[in-house]
Amino acid sequence: MAILMAGGAGYIGSHVCKMLYEKGYEVIVYDNLSHGFKNFVKWGEFVPGDISDEKLLDNIFKNYEIDAVMHFCAYIEVGESVIDPQKYYINNVESTLILLKTMLKNGIKKFIFSSTAAVYGLPEKIPIKEDDPKQPINPYGKSKWMIEQILEDYDKAYGLRSIRFRYFNAAGADESGEIGEAHKPETHLIPLIFDAALGVRENIKIFGTDYDTRDGTCIRDFIHVNDLADAHIKGLEYLLSGEGTNYFNLGSGEGYSVKEVIEKVKEITKRDFEVIETDRRPGDPPYLIADSEKASKVLGWKPKYDLNMIIETAWNWHKKLRRIDR
Ligand code: UFG
């Protein structure tokens, strides 16, 4: 079985590549390296390219016998998506449509799509279930929800079977320490706290301490990247066994506040650093916690890593990254 991994050189994609490869799948990593990393491509063949390049994709689909495509390429910065929505709609929507068009042209009809908790916007109740209202509040979340709806239409019209995974807060790193979380630029909470712990940044800022939560800071559901990878394998097996289009939340079901995560990092790294309380970041929902019962029932998926393991594995990798990078 050969799987085309669009965005396979990124944080989540590379972890899924490793797990697929270890399970015996043939992996073809397709990535333009705009946000991915060449040294994350360790499992499978690398084909550099962009998902908007119809000609190149067409060649790949003609030259390799691809059984399914997983699609991780997207711009993911909420704030930037508000300032420059066109960038998000062109890359996350238009380019994805070219990928889907080229797949259909070549008769490839199995697709796994990285979606996000951002499709729910400001949730009305917690934990969030898959069929709760979709009211994304920024172009990033809207771009993902647009593709989700398009995939429903493509299923009915063209028989394109897809799985949409709505990730909550992906975190942690592979236990080998070979790959881990890195974004260009970094905006995510845990890597930024590590930077403060390492002295690479002077401090960590808490965006808002006046939320209606147990300690006033936002609550998030952190899910280990290898638990996400495991869900992708299960989703792929589900599609390959002939099951139809479906969609799942992927979260641990546990919520931790920003302050609790900072305290946990201090405890695990045994380092102290300055924490500054600042204003809210626009568009942050106070709570984001997944109900992932559906993935458990339908796919037999259960997360294995808790917050301690998330921070330990991420720290193990982040220390090395900083030595290499700086
Ligand atoms: N935060 C801080 N200080 C920082 C960085 C973040 O206090 O320096 C806070 C944020 O305000 C938020 C929490 O930490 O309350 C988590 O922030 P992240 O940026 O790490 O993650 P988000 O919850 O904003 O975003 C994640 C994914 C997005 C996805 C979103 C779903 O990274 O891609 O969940 O809404 F869209």
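**Figure 1. The loop that holds Leu 33.** Leu 33 sits in the loop that runs between strand 2 (26-31) and strand 3 (45-48). In this predicted model, the phi angle of Leu 33 is near 60 degrees, a positive value in a residue that is not glycine.

Figure 2. The bond that joins Ile 126 to Pro 127 is cis, and its omega is near -5 degrees. Pro 127 belongs to the loop between strand 5 (110-116) and helix 5 (139-158).

**Figure 3. The two domains of the protein chain.** Domain 1 covers 2-171 + 222-250, and domain 2 covers 189-220 + 253-321. Between the C-alpha centres of domain 1 and domain 2 the distance is 24 Å. Domain 1 brings 30 residues to the contact and domain 2 brings 29 residues.

**Figure 4. The area buried between domain 1 and domain 2.** The size of an interface is often expressed as the accessible area that is lost when the parts come together. For domain 1 and domain 2 the buried area is about 2500 Å², with 69% of it on carbon and sulfur atoms. On the side of domain 1, the residues that lose the most area to domain 2 are Phe 222, His 224 and Asp 227, which together make up 27% of what that side buries.

**Figure 5. Polar and charged pairs across the interface.** Between domain 1 and domain 2 there are 11 residue pairs in polar contact, counting pairs with both residues at pLDDT 80 or more. The interface of the two domains also has 2 salt bridges. In a salt bridge between Lys 304 and Asp 230, the closest N and O atoms are 3.5 Å apart.

**Figure 6. The side of domain 1 that touches domain 2.** Four elements each supply at least two residues to this side: strand 7 (169-171), strand 10 (222-224), helix 7 (225-240) and strand 11 (246-250). Helix 7 gives the most, with 7 residues. By type, the residues of this side are 18 nonpolar, 7 polar and 5 charged.

Figure 7. A polar backbone atom of Leu 189 is 2.8 Å from an oxygen atom of the ligand. At Lys 205, a polar backbone atom is 2.7 Å from a nitrogen atom of the ligand. In the side chain of Asp 284, an N or O atom is 2.5 Å from an oxygen atom of the ligand.

Methods. Residues numbered from 1 in each chain as written. Predicted model: local features only at pLDDT ≥ 70, side-chain atom pairs only at ≥ 80, totals over all residues. Heavy atoms only, no water. Domains from an automatic or database assignment. Contact = heavy atoms within 4.5 Å. Buried area = accessible area lost by both parts, 1.4 Å probe. Salt bridge = Lys/Arg side-chain N within 4 Å of Asp/Glu carboxyl O. Polar contact = N/O pair within 3.5 Å; in protein donor to acceptor, adjacent residues only side chain to side chain. Nonpolar A, V, L, I, M, F, W, Y, C, P; charged D, E, K, R; others polar.
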